[in-house]
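Okay, thanks for coming, everyone.

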Amino acid sequence: MLTTHSASQVKRGLEAISRTSNGDDLRLEPTDTQVRDGLPTDSGGDGNNGRTGSSFRMTGKVPWRGLAGQPVGSLDALLSVEISLDVLTGCLTSNFRWSVTLGPEVSSKIRDYRPRLPNWQWAPVAELVRATVTATAPTTCYAAERLLHVIGRIAVWADRSGLPRDPATWLQMETIDAFILSGCGATKDSTVLTYKTWLRRARNALLWVQQGEAPSVRLSSSRTPQPPYEPYEVARLRDWVNHLPGQDRLDGLALMTLGAGCGLLPDEVPRIRGSHVRVTSAGVAVLEAGPLSRLVACHSGWGGTLADLVKASGPGFLFLPQREDAATQNLVASWPARHRPHAGLPLLSAQRLRSTWIVGRLSEGISPDAVASAAGMASPADLAVYDHWVPRLSQGGEGPSIT
């Protein structure tokens, strides 16, 4: 039977473990010393309702990454560890808590922040906005004022839209996308893109809390769209995917159908479920507005495949249906990396599939307004970067159609 002395034995064991870990990251503090935030460490045990415990504190580092190309850094942090023992069951429980203290100047800016909004809009979300920025500011590359501005905007927008007053809801990808597509109160496309980037960085800063994983590596890429596939490449890739075994075949078809058939963005593909697809009386497969905040009609060349995918997946995800989480991080990019076609065929790319859909619809003479709206773009002007791939109409005839 375990006794109250077991708590001190546990602490001695943890001290031994900490001595073998990377001392550059964590350092066990002596009892009763002052640790960064001015609080003394506590290594004692005490009895409380049949429980006895031991606690200690360790100074450490929390990783910090700036913008792409900037060096990786770290922040001073404090890890508090409390060990409790239930003397009735003999079970040990460990509780971990990281603390990062903001400087007085940043803290003052967060406390005093007040946007140019009516008080009846700002007051209900003010404290939650400040709390969210306090939690995300230490590990993002943005000044607190920027985070306060954009998180304040999405919080007010979500509140007026009837969404819960909850930072986890504000920073969901679906909420961010809906906020961006609503125009988010910005007058320039560049500002809209900036807001989206800031919100995603804030989400990544808290991702480990929700999913128990570190923030993803920040990658940068050119904003120039990738070229569309040639028609023969689409046909051969489709044939290759159709010969893959089992679930790989369905996943490949889902990626191609949602990209080349519906024009979805790469991070939209993993969110589509069978329950989001409706087949009209005319036989057209339509993606409902739920996860996209817009209606998308699947191209006729892919409608039958989309209907078959819905039958196979039921109400679940069309792409990688075996997962439970709707998180989109790296799912689309990792599939082509694991499934490479035989020699002579290009790799599958969600970006190129989307370009294929956009250029194909413009080549068919569909109005830029309709194409931009279905593609989730803020303005038909965003289609200008695809224009040089759109075939020009020849005299007395029509240009080719890319499907």
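So, α9 and α10: these two helices are roughly antiparallel to each other, where that label is for angles over 145 degrees, with under 35 called roughly parallel, 65 to 115 roughly perpendicular and the rest oblique. Their axes cross at roughly 155 degrees and come within 8 Å, with α9 covering residues 231-242. An axis here is a line fitted to C-alpha atoms, for helices over the stretch in contact, and angles run from 0 to 180 degrees between N-to-C directions. From α9 you get V234, L237, R238, V241 and N242, and from α10 R249, G252, L253 and M256; contact means heavy atoms within 4.5 Å. Sorted by type, the residues of that contact are 5 nonpolar, 2 polar and 2 charged. For the sorting, Ala, Val, Leu, Ile, Met, Phe, Trp, Tyr, Cys and Pro are nonpolar, Asp, Glu, Lys and Arg are charged, and the others, Gly among them, are polar.

Residues are numbered from 1 along each chain as its sequence is written, and side-chain values use heavy atoms, with hydrogens and water left out.

Next, what does α10 do with α12? Helix α10, residues 246-261, packs with α12, residues 331-338, at about 125 degrees, and the axes are 11 Å apart. That makes the pair oblique. On the α10 side, D248, D251, G252 and L255 meet V332, W335 and P336 of α12. By type, this contact has 4 nonpolar, 1 polar and 2 charged residues.

Now T305, which sits in helix α11, residues 300-313. Buried or exposed? T305 is buried, with a relative accessible area of 14%; buried means under 20%, exposed over 50%, and partly exposed in between, with a 1.4 Å probe and protein chains only. Ignoring neighbours within four places in sequence, T305 is in contact with R238, L253 and T257.

Moving along to the loop between α11 and α12, that's where you'll find L320. Its phi is near 50 degrees, a positive value in a residue other than glycine. In general, most residues other than glycine have a negative phi. L320 counts as buried, at 8% relative accessibility.

Over in helix α4, residues 144-160, have a look at I154. This one is buried because its relative accessibility is 0%. Leaving out residues up to four places away in sequence, I154 touches W170, T175, I176, F179 and L199. Take F179: 25 residues from I154 in sequence, but 6.7 Å away in space, C-alpha to C-alpha.

Zooming out, the protein has 14 helices and 10 strands; those are DSSP runs, H or I of at least four residues for helices and E of at least two for strands, numbered from the N terminus. Buried residues make up 42% of the 403.

Last thing, confidence. The average pLDDT is 76, and 71% of the residues score at least 70; pLDDT is the predictor's confidence in each residue, from 0 to 100. Residues 1-51 are below 50, and that stretch has 78 contacts in the model beyond near neighbours in sequence. Residues 394-403 are below 50 too, with 20 such contacts. Where pLDDT is low, the predicted coordinates should not be read in detail.

How values were computed
Predicted model: local features only at pLDDT ≥ 70, side-chain atom pairs only at ≥ 80, totals over all residues.
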